[in-house]
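Please open the structure in your viewer and keep the selection tool at hand. The stops below proceed from the whole chain to single sites.

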Amino acid sequence: MFDNLSDKLDKAFHILKGHGKITEVNVADTLKEVRRALLDADVNFKIAKDFTARVKDKAIGQDVLTTLQPGQLLVKLVKDELTELMGGDVAGINLQGSPTVILMSGLQGSGKTTFSGKLANYLKTKKNKKPLLVACDIYRPAAINQLHVVGQQIGVDVYSEPDNKNPVVIAENAIAFAKANGMNVVIVDTAGRLAVDQEMMDEIARVHNAIKPQETLFVVDSMTGQDAVNTAKAFNDILNFDGVILTKLDGDTRGGAALSIKSVVNKPIKFVGTGEKMDAIDVFYPDRMAERILGMGDVVSLVERAQEQFNEEEARKLQKKIAKNEFGFDDFLAQIQQVKKMGNMKDLVGMIPGASKAMKDVQIEDDAFKHIEAIIYSMTPAERKKPALIDVKRKNRIAKGSGTKVEQVNQLMKQFDQMSKMMKMMQGPGGKNLMKMMGG
Ligand code: GDP
């Protein structure tokens, strides 16, 4: 995501390299590049212009003559300013009210229904809530079915009244149903049209007035660029919504929407959707997104994911084994499984600074560990425990059994050997080891 913009900004900062200080002249050139990069990324012209003007003021105003690396200072200024542009702090979701009522708005195809499911799943699994999903699309029976399918997938109840043509009544009945059945969050998925039209706006405004939601969220497809900003404005005029959900950020988006929406409607982006699956939802962190745009990678998210999978007791056991030289292929396999739980390799690589750019043209297999696992599974328990047993003859057998080449087995043995040595040196398993493993 945002690869284009990162590339462009990289070039822009390059101009500054080799200059000892920031001057009115060299900063102007760089900022022109920055502005062009933002415009190319579909950022609104006025926003891009204001943006670079602010950065320039700050750069010139500072005591930059003593700064050794003006390029770095500018990167920081641009990053801070980008963070600000996308909302500054993390915007949480308001879960007050019993039940909390959340109204979803947006065009058809924006990902409303999918996101309703993701949010319900998120609140259920991460916030210990008991959500109810409500199908309020009275025009498309398929939409009602879709929500039922989603609900079933995540184990969340879905309320619908297929024969009722009044969405206000359906929503009100659903809230009463939630109260009667101990559900504490009601997520109302509304009807969407392919373009903004008066009838739809009137309808959602009526639902909004009747149920007075704690959170009204506007869902927008980030691939739609400037159109996303216009649609956001139209919905905000009617609903004065509380937050924005940017979906399909896993796609080939230019990123302009994330940068512009906040400034145009002055509402925070709260979550992003990064895939079709129910767990492809992330809280939107403006500072992390800014870092990502600048090619610094989303290291914090990566570390958090590693921590989520990190089990202290297991780590202690592992540490003992390493100390006693008992670390074997079964332990290696367990570590791989941990890494895999963190997400697919493509996503993980995207979070490593510089990696997404460096590996842009490299095909990353969905299951990068497939061969490694196959090789280990073809070893006998004794071999897994004591890799030193594995001689040439055994290597041949293992390669045959796993459908790999002897060279691949050799390579794995070598990696394993290096890793064991490294781990012994570090004497600290867990997150650090996971990171090293991912690096190779
Ligand atoms: P709705 O009409 O607004 O309810 O939109 P849907 O929830 O039906 O989504 C429209 C399409 O976009 C479906 O094919 C979804 O699977 C897909 N979709 C939704 N969110 C995401 C996302 O974050 N990433 C990707 N890649 N696809 C998504």
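Helices (H or I, at least four residues) and strands (E, at least two) are DSSP runs, numbered from the N terminus. On that basis the protein has 21 helices and eight strands. This is a predicted model, in which local features need pLDDT of at least 70 and side-chain atom pairs count only at pLDDT 80 or more, while totals for chains, interfaces and linings use all residues. Residues are numbered from 1 along each chain as its sequence is written.

**The whole protein.** Of the 440 residues, 41% count as buried; a residue is buried if 20 or more other C-beta atoms lie within 10 Å of its own, exposed if 12 or fewer, and partly exposed in between, with C-beta atoms placed from the backbone.

**Helices 7 and 8.** Next, select residues 167-180 (helix 7) and residues 198-211 (helix 8), which pack at an angle of about 30° with their axes 9 Å apart. Axes are lines fitted to C-alpha atoms, for helices over the stretch in contact, and angles run from 0 to 180 degrees between N-to-C directions. Helix 7 and helix 8 are therefore roughly parallel, since angles under 35 degrees count as roughly parallel, over 145 as roughly antiparallel, 65 to 115 as roughly perpendicular and the rest as oblique. P167, V168, A171, E172 and I175 of helix 7 meet E203, R206, V207, A210 and I211 of helix 8. This contact has seven nonpolar, no polar and three charged residues.

**F177.** Remain in helix 7 and select F177. With 15 C-beta neighbours inside 10 Å, F177 counts as partly exposed. Beyond its neighbours within four places in sequence, F177 is in contact with L132 and Y159 (C-beta atoms, placed from the backbone, within 7 Å).

**Helices 14 and 17.** Finally, select helix 14 (residues 329-341) and helix 17 (residues 370-377), whose axes lie 10 Å apart at an angle of about 150°. Helix 14 and helix 17 are therefore roughly antiparallel.

Notes
Two residues are in contact if their C-beta atoms, placed from the backbone, lie within 7 Å. Ala, Val, Leu, Ile, Met, Phe, Trp, Tyr, Cys and Pro count as nonpolar, Asp, Glu, Lys and Arg as charged, and the others, Gly among them, as polar.
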